[in-house]
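Hi,

Here is the structure I promised to pass on to you. Have a look at it first, and then read my notes below.

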Amino acid sequence: MKVVVDRGRCVGMGICESIDSTRFEVGHDGVMTISSERFDEADRAAVEEAVASCPAGSLRIIEG
Ligand code: SF4
């Protein structure tokens with residue numbers, strides 16, 4: 001599975017980064033990048049928490 005961001009909605013608040021800083025990073029320009037969209041089962045809980053916590057609803061998980 002992988003996690004993707006809707007750039008049209010992301011406002012760079014960095015809550016995702018505060019939950020999983022190994023995967024999500026907001027640069028000085030306010031643009032959030034995902035170091036690795038693909039993740040395995042061991043990381044599912046952290047990714048799901050980031051998705052649920054994003055105030056803009058800009059993260060989603062694609063199964064498979
Ligand atoms: S928490 Fe949501 S709005 Fe904020 S940087 Fe992450 S994806 Fe973007």
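Let's start with burial: buried residues make up 14% of the 64 residues in the chain. Buried here means that 20 or more other C-beta atoms lie within 10 Å of the residue's own; exposed means 12 or fewer, partly exposed is in between, and the C-beta atoms are placed from the backbone.

Two things to know before you go on. This is a predicted model, so local features need pLDDT of at least 70 and side-chain atom pairs count only at pLDDT 80 or more, while totals for chains, interfaces and linings use all residues. Residues are numbered from 1 along each chain as its sequence is written.

Now the overall fold. The chain has two helices and four strands, in the order β-α-β-β-α-β along the sequence. (Helices are DSSP runs of H or I with at least four residues, strands are runs of E with at least two, and both are numbered from the N terminus.) The C-alpha atoms fill a box of roughly 30 × 20 × 15 Å along the principal axes.

Next, strand S1 (2–5). S1 runs antiparallel to strand S4 (residues 59–62), and four bridges join them; two strands pair if DSSP finds at least two bridges between them.

Leaving aside neighbours within four places in sequence, Ala50 is in contact (C-beta atoms, placed from the backbone, within 7 Å) with Cys16, Ile19, Asp20, Phe24 and Leu59.

What about the ligand? Of the 15 residues around the ligand, Cys10, Met13, Ile15, Cys16 and Cys54 come nearest; a residue counts as near if its C-beta atom, placed from the backbone, lies within 6 Å.

Finally, find Val31 in the loop between S2 and strand S3 (32–34). Is Val31 buried or exposed? Val31 is exposed, because it has 12 other C-beta atoms within 10 Å.

Cheers

Note on methods. Contact = placed C-beta atoms within 7 Å.
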